[in-house]
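Let us read this model one feature at a time.

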2 protein chains.
Amino acid sequence: MDRDVKTPARDAVLNAAEVVIDRDGVAAFTLDAVAKEAGVSKGGLLHHFPSKDALLLALVTRMSDQWRGDYEQAIASVPAGPVRVARGLLNACIADAEGWNDQMRRSGKVMIAAMAANPANVKPAREAHENLLRLAIQDQGPTWASEAIVFAMHGLWFSWLFGLTDASPDQLAQIRASLQKVVERVEQEAAMR
Amino acid sequence: MDRDVKTPARDAVLNAAEVVIDRDGVAAFTLDAVAKEAGVSKGGLLHHFPSKDALLLALVTRMSDQWRGDYEQAIASVPAGPVRVARGLLNACIADAEGWNDQMRRSGKVMIAAMAANPANVKPAREAHENLLRLAIQDQGPTWASEAIVFAMHGLWFSWLFGLTDASPDQLAQIRASLQKVVERVEQEAAMR
DNA sequence: AGAAGCCGACCGGCTGGACGGTATGATTCT
DNA sequence: AGAATCATACCGTCCAGCCGGTCGGCTTCT
C-alpha cells in the first residue's frame, strides 16, 4: 500500500475532524461538519479520504504516531534506572499538565469515535500501546511495578476522559501525586538493594 | 422524578440492548435492532423508553448499580486492613476472571455507546466511580497506594476494552499478577510498621 | 512557442436508505 | 369500563456516498 502522503490539505481536514469531535461531540462528527470546518466541500473531503471510516483510521494513525513520539522522547530524557518508563510518562504528564489534558481529551474523544464506528480503526493505537508495554517490561526495575504504573496512567486517562473523575485541577494533581509516590517508592527500594 | 420501575419487560429490553451492542457493535445499536432482539415492536419499546437517550441512560444506570453492588460486596468480604478496597477489587477480578471479562466487556461497550451518543448519559457511572474512590480514600493503608491501584484496575479495564492490550488469558493473568504484587507489597509494608 | 490533450484537485447538488420518533388502533389486564 | 401494554404504519430528517462538472497546471505534439 502507498504510504500516507502528508499534504497540507489532508492535514487540514484531519485537524478539522479533531476540532469537530472535540468541540461538538462524537455525535456531531459528520462529513458535512468536517468539510465545513475545514473550509472544503464534501466532495473535496471525500477526494482525500474515500470513506468516513478511512478518515477515522487516518485520524487514529496520526494520533498514535504523535503519542508514540511523545512518550519515547519523554522516556529518553530520563536517566536509566528502575521504572524508567513510568517515570518518563509521569514526568511528561506533570511537566505540562494543561497541555497533557488538552491532548489527552482530544485523543480520547477520537478513540471513542473510532471505537463507536468500527473497532478495527483503533489498530494503530493498539500497536503504540503494545510498544509502550514492551518498553516497560524492558525496564531495569521490577516489571510488575512498571506495568502497574503504566496501567494506572491509562486508568487516569480513561477515567478522566469519561468524566468518571472530577476534572478539577486539584483532583488531577492529587492523583498524579499518588502515582508519583508509587514511583518514588519503587525507586527508593531499588536503590537500597 | 419517579423511581425506575423494574418490570420484566423493561429488563428484557435492557438485556436485548446490551446484547446488540456487545454482539453487533455500537454502530448497530438502533431502536429497530433492539426491538427485534427483544422480540418487541418498536412501538412497544418506545412505550417503555421515550427516547433512545432514555434507553441508554437506563442501561448505564442499571449497569452502574450492578457494578456498585458487586464491588461493595467484594470489598465487604475482605477483612479490614490496608488497601482493603484495592484488595477487594482484585480478588473479585481474579476469582471469576472469565465472568469479569464478560461483564466488563459489555459494560465498556455500553459506556462507549453512551459517550458517543451523549456524554451526559454516563452520570450514574460517574457517581458509582466517585463512591469507589471515596471508599478507597477511607482505607486504612496509604491513600496514594489505594488510589493508584484503583486507577490501575481501571486502566486494565479500559485498555482491554479498547483492544489496546492483548486479550489473551495469559496476558491478562500476568497483568493481574503485577497488580497483586503491588497490593501485597503495600500490605507487607503496613504490617511491618 | 503555442495549441491540444490530459490529469489531479476540488466543487456542490443529489439520492437512496436508514433511523428516530409519532399517531392510532388492537389486545390484555384489573 | 378503563388503564396499561403493546403492534402497525407512517413521517420527516439526516447523512454517507456518488456523480457530473470546473479549473488550473503540466505534458506532448507540431
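**Reading the model**

A: A:Val83 sits in the loop between helix H4 (52-76) and helix H5 (84-95) of chain A. Helices here are DSSP runs (H or I, at least four residues; strands are E, at least two), numbered from the N terminus. This is a predicted model: local features need pLDDT of at least 70, side-chain atom pairs count only at pLDDT 80 or more, and totals for chains, interfaces and linings use all residues. Residues are numbered from 1 along each chain as its sequence is written, while chains are lettered from A and ligands numbered from 1 in the order in which they are written.

Q: Is A:Val83 buried or exposed?

A: Count the other C-beta atoms, placed from the backbone, within 10 Å of the residue's own: 20 or more is buried, 12 or fewer is exposed, and in between is partly exposed. A:Val83 has 29 C-beta neighbours inside 10 Å, so it counts as buried.

Q: Where does B:Val83 lie, and what is its phi?

A: B:Val83 is in the loop between helix H4 (52-76) and helix H5 (84-95) of chain B. Its phi is near 40°, a positive value in a residue other than glycine. B:Val83 counts as buried because it has 29 C-beta neighbours inside 10 Å.

Q: Which rotation superposes chain B on chain A?

A: Copies are superposed by least squares on the C-alpha atoms of residues with pLDDT of at least 70 in both. Here a rotation of 180° with 0.0 Å of shift along its axis does it, with RMSD 0.1 Å. The two copies are thus related as by a two-fold rotation axis.

Q: How many residues of chain B are in contact with chain A?

A: Two residues are in contact if their C-beta atoms, placed from the backbone, lie within 7 Å. 36 residues of chain B contact 36 residues of chain A. On the chain B side, two or more residues each come from helix H6 (97-117), helix H7 (123-137), helix H8 (143-161) and helix H9 (169-192). H8(B) gives the most, with 12 residues. This side divides into 25 nonpolar, eight polar and three charged residues. Nonpolar means Ala, Val, Leu, Ile, Met, Phe, Trp, Tyr, Cys and Pro; charged means Asp, Glu, Lys and Arg; the others, Gly among them, are polar. 97% of the interface residues of chain B are also interface residues in chain A, so the copies meet through the same surface.

Q: Which residues come nearest to DNA strand C?

A: A residue is near a strand if its C-beta atom, placed from the backbone, lies within 6 Å of it. Of the 16 residues around DNA strand C, A:Ser41, A:Gly43, A:Gly44, B:Thr30 and B:Leu31 come nearest. H3(A) gives the most to this surface, with five residues. The surface holds four nonpolar, eight polar and four charged residues.

Q: Which residues are closest to DNA strand D?

A: Among the 16 residues around DNA strand D, the closest are A:Leu31, B:Ala9, B:Ser41, B:Gly43 and B:Gly44. H3(B) gives the most to that surface, with four residues.
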